[in-house]
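Me: I'd like to learn how to read a structure like this one, feature by feature. Please give me the general idea each time and then show me the case.

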There are 2 protein chains.
Amino acid sequence: MAEEIKLAYERIKNYVNKTPIMTSRTLNRMIGAKLFFKCENFQRGGAFKCRGAFNSLLQLDSEIKERGIIAHSSGNHAQAVALASRELGCKATIVMPKNAPQIKKGATREYGATIVECGNNPADRQEMTDSLIEQNGFFLIHPYNYLPTIYGAGTAAYELINEIDNLDIVLAPIGGGGLISGTSIAIKGFSPKTKVIGVEPKNADDAFRSVTDNKLYPSINPNTIADGLRTSLGEITFKIIKSNVTEIITVSELQILKSMRFIWERMKLVVEPSGAVPLAGIFEMRKDDSDYLEGKRIGIILSGGNIDITDFFTLLEKEIKMNSPNN
Amino acid sequence: MAEEIKLAYERIKNYVNKTPIMTSRTLNRMIGAKLFFKCENFQRGGAFKCRGAFNSLLQLDSEIKERGIIAHSSGNHAQAVALASRELGCKATIVMPKNAPQIKKGATREYGATIVECGNNPADRQEMTDSLIEQNGFFLIHPYNYLPTIYGAGTAAYELINEIDNLDIVLAPIGGGGLISGTSIAIKGFSPKTKVIGVEPKNADDAFRSVTDNKLYPSINPNTIADGLRTSLGEITFKIIKSNVTEIITVSELQILKSMRFIWERMKLVVEPSGAVPLAGIFEMRKDDSDYLEGKRIGIILSGGNIDITDFFTLLEKEIKMNSPNN
């Protein structure tokens, strides 16, 4: 499967940004390790998602592209498919829940896609998508449970290990599991000694529970600020995670907020809550065992930076409150 | 003088970050040009200032370093001198006005420098600094009106033109004039066809007025959010600016806020108001003559990213208000 990541990389490299890898001396000193952030917040569309979108769309024949493709997404995948569709001359329809962030809806519209709103739960989304496919013969670009999407997502880790060698650990967040699946395939194939650790919010820990019980649980009413990680795993991503991922760590909402703030204040990077989750995982690991990370070389997939500026500050006010000594 | 920039670069290159150069497809499309941002917000200490601090301190003999150095600064230069002093084993005392941003005071203290507070106007600062020098024999590292500081600051532009060729224009903000002076020396020496344009807030336009009237005016009660640009030019920087800088553009407070927001939302970069001033200059130039920038290759020195998270939010609320149709 790792060869597929390499092929995806060759296929999309002229369409996506080769994102920078950033470090922080302060953070390295705090943790006693070397951390390398693969900054997909600087990716086109503001998140890693366009890697999968371009990889998927570049493999479609012209007849399908003319009839049109469809995607359902609360945000980043929507923008990514809309962007890739505009660039590759493909008619795109995106099903988005009513509560999706405004910044993500706005960008999707700007790229020229048709947005169809649906209810906020996964069943509504599925129903609307199925009905549009039935009526129009659209081709579905699944946000994670689809191999071309997964291979595309894995190209971020592929670029990371091509640039930074001898990584001991790579961390990525887990939502539907596309990013961690692609990441783990790339790492297993091209840097087999590197451990892959997935991180997810305690309040949306379907992957953790599914792997622990070896049974695919859906994510039910996930109450997390990490809007990109509210989705459930799919059959394909569950299987890949079980076979490739060393460990899944869960983190609290406060840890996610603190990590977001750290990245903002000390690294000068705008990151969305989902993107801050792996750093929260680092802080969590350090709390449990302060020596475990000592001297390690650690890669982090910083997944995206799409967040409304007003949402960002509402979240930070929350953090300040949660952090106050009276709380 | 350009040779001095090269020497400074060789002297400091193992102490400072080679900061990334970022681009934005969206912005390039909007402006019809190619913009290259030299991201000094990713520099050590969060701003370009440590280039000058390291360049200055690395040239001092051990006797002076033991007796101690002194700097006066509202912020970034303070942090930079404190950081370089810690690293080079130098005793540092920093005179800071009472109203300097908390984030900058905190970082200066963390680096181990002694902070001495003074009143908020330049005369208070000068008086306190003079008295400390007289009592302790400290060596002054001036924040801008001092050639080693200027040459150090110029290494950012030097790195920019070594990486990006054929730039038509380079823009930098003007406060005390250290950054624009160093930038213009580097450009004049190593990329003589490139124009250098300085940008400053309308509300702190001492450089614009000084150059226009060929007479050095002080900056009196500058009422700008760009806290790094409130200082007056010095004799040395005034002379360099007159001889090297093609043009000085002034921008409104609203334009600065809009540019900060653009850089945050679209480029995912945390930038302080002073750092957003050159982009505000681009928007201003485009308003005046929409064709002037067409097809140009433009370098921008993004000077720093040190801003309190709560200050940032307060500023953006102001922008939203100033921007409302009822205003």
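Me: Let's start with D289(A). What is its relative accessible area?
Reply: D289(A) has a relative accessible area of 36%, so it is partly exposed. The scale goes like this: buried is under 20% relative accessible area, exposed is over 50%, and partly exposed is in between (1.4 Å probe, protein chains only). Before we go on, the ground rules: this is a predicted model, where local features need pLDDT of at least 70 and side-chain atom pairs count only at pLDDT 80 or more, while totals for chains, interfaces and linings use all residues. Residues are numbered from 1 along each chain as its sequence is written, chains are lettered from A and ligands numbered from 1 in the order in which they are written, and side-chain values use heavy atoms, with hydrogens and water left out.

Me: Where does D289(A) sit?
Reply: D289(A) belongs to the loop between helix 13 (273-288) and strand 10 (297-302) of chain A. Helices (H or I, at least four residues) and strands (E, at least two) are DSSP runs, numbered from the N terminus.

Me: Which residues make up the negative surface patch?
Reply: D289(A) again, together with D288(A), D291(A) and E294(A). To be in a patch, a residue needs over 30% relative accessible area and no salt bridge; like charges are joined within 9 Å, and nonpolar side chains (Val, Leu, Ile, Met, Phe, Trp, Tyr) within 5 Å. Asp and Glu count as negative, Lys and Arg as positive, and His and the chain ends are not counted. The charge is placed at NZ of Lys, CZ of Arg, CG of Asp or CD of Glu. Accessible areas come from the Shrake-Rupley method with a 1.4 Å probe; for residues, only the protein chains shown count as cover.

Me: And which residues form a nonpolar patch?
Reply: M1(A), L147(A) and I236(A) do, with about 250 Å² of accessible area together. M1(A) is in the segment before helix 1 (2-12) of chain A, and its relative accessible area of 54% makes M1(A) exposed.

Me: What about R44(A): which residue is its partner?
Reply: E87(A), with the closest N and O atoms 2.7 Å apart. R44(A) is in the loop between strand 2 and helix 3 (49-57) of chain A, while E87(A) is in helix 5 (residues 76-88) of chain A, so the bridge ties together parts 43 residues apart in sequence. R44(A) counts as buried at 9% relative accessibility, whereas E87(A), at 34%, counts as partly exposed.

Me: Now a helix. Which residues of helix 11 of chain A are buried?
Reply: In helix 11 (residues 235-244) of chain A, they are T237(A), F238(A), I240(A), I241(A) and N244(A). They cover an arc of only 170° around the axis, which puts them on the same side of helix 11 of chain A. The arc is taken from the directions from the helix axis to the C-beta atoms. On the face turned away from the buried side, you find the exposed residues E235(A), K239(A) and S243(A).

Me: Last one, in chain B: how far apart are the C-alpha atoms of R51(B) and G152(B)?
Reply: They are separated by 4.7 Å, although the residues are 101 apart along the chain. R51(B) is part of helix 3 (residues 49-57) of chain B and is buried, with a relative accessible area of 0%.

Notes. A salt bridge is a side-chain nitrogen of Lys or Arg within 4 Å of a carboxyl oxygen of Asp or Glu.
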